[in-house]
Amino acid sequence: MITDEQRESNALMFRELGRDTYQLHRHLVEVMGENAKAFCSKKGIILFILLVRVCGNLMGVIAILLQAMRTKGNLIFKLPLGLCLRGAMIDALTALYYDTQSEESAASHLEVTNLQYAKSLLERLEVYKDKVHSVSPDFDDDLAEHFYELGLEDNFLQYFDVEVKGQDLRVKPMKESEFRRKGALVEGNYPNLKQMHDHLITIPEYSEKAKRLYHYYKYFSQYEHFSELGFGDVKASFGEDNIHMPSAIKTLKDAVDLIFEHLRKENQAKPNI
């Protein structure tokens with residue numbers, strides 16, 4: 001049973017988090033606007049998208065915290081709060097990784113992520129059928145599948161081959177090796193977060209920031225993957241869990257500030273045309 005003192009302490013922490021998160025979101029938006037010219041290259045566009053995703057997750061955190069403060073510190077809001085922060089940590093760590101890549105390497109990585117996205121569309125047929133049936137309940141499933149695959153061919157032609165089996169035509173995803181460029185991919189594959197972390201900690205300028213981002217990502221992952229003990233930490237009062245939430249926000253700020261520092265330098269090094 002939570003005491004009145006704990007409830008008040010939790011409400012104070014939610015307010016502190018709300019202030020820090022709002023300031024970081026405002027800082028991100030302002031600095032992105034100030035450095036808009038740095039986002040013109042392919043690598044710059046990738047970093048811009050990742051930073052926009054960080055902003056989106058921060059907006060989610062702010063919305064959650066506003067509701068948490070209205071309920072005087074109800075701890076159930078720690079669950080969606082942690083999931084949004086987990087997403088922000090993933091995108092910030094990925095942005096740090098891309099920040100270390102050359103223009104060519106970043107473009108090659110992007111092609112592989114697009115291929116992975118296209119592959120995932122093959123597993124979304126049931127979702128598409130639900131959308132079709134919401135408009136026309138009697139629409140034939142086989143015809144819906146046919147239209148879905150035609151859409152894949154039209155929109156993602158460069159990522160699919162057509163496989164002929166008897167009288168059936170099926171779209172088949174191409175192999176990642178067909179999108180590789182020399183020296184662009186870690187061990188021939190798009191790196192996972194652990195591999196990104198392992199790469200970044202070998203670079204002194206990035207090491208501490210990557211390490212902190214990755215550890216916060218792993219901490220908030222317990223919010224996504226259920227376990228009885230993990231949920232106990234989720235619902236614990238802020239003074240009784242294992243995390244100082246404002247430090248998580250500072251970790252994000254330190255990471256994005258490093259990216260902006262490099263973007264400014266790159267932008268200043270470009271000749272005026």
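In this predicted model, Tyr-216, Tyr-219, Phe-220 and Tyr-223 are joined into a cluster by ring pairs.

Across the whole structure, 10 aromatic pairs are found. One of them joins Phe-139 and Phe-147: the centres are 6.1 Å apart and the planes meet at 40°, so this pair is tilted. Here Phe-139 is partly exposed, with a relative accessible area of 26%, and Phe-147 is likewise partly exposed, at 39%. A ring also takes part in another kind of arrangement, in which Lys-78 lies over the face of Phe-238, 5.1 Å from the ring centre.

Phe-220 leads on to the largest nonpolar core, which comprises 61 residues; Phe-220 is among those with the most contacts inside it, together with Leu-28, Leu-81, Met-245, Leu-252 and Phe-260. Helices that each supply at least two residues of this core include helix 1 (4-34), helix 2 (42-70), helix 8 (204-224) and helix 10 (245-269). Beyond its neighbours within four places in sequence, Phe-260 contacts Leu-28, Val-31, Met-32, Phe-39 and Leu-51. Another core, of 8 residues, lies apart from the largest one and includes Ala-118, Tyr-148, Leu-152 and Tyr-159.

Helix 8 also contains Ser-207. Ser-207 has a relative accessible area of 15% and is therefore buried; leaving out residues up to four places away in sequence, Ser-207 touches Leu-200 and Ile-201.

Note on methods
Residues numbered from 1 in each chain as written. Predicted model: local features only at pLDDT ≥ 70, side-chain atom pairs only at ≥ 80, totals over all residues. Heavy atoms only, no water. Core = buried A, V, L, I, M, F, W, Y, C linked by side-chain atoms within 4.5 Å. Buried < 20%, exposed > 50% of the residue type's maximum accessible area, 1.4 Å probe, protein only. Helix = DSSP H or I, 4+ residues; strand = E, 2+ residues; numbered from the N terminus. Contact = heavy atoms within 4.5 Å. Phe/Tyr/Trp six-rings, centres within 6.5 Å; stacked < 30°, edge-to-face > 60°. Lys NZ or Arg CZ within 6 Å of the ring centre and 35° of its normal.
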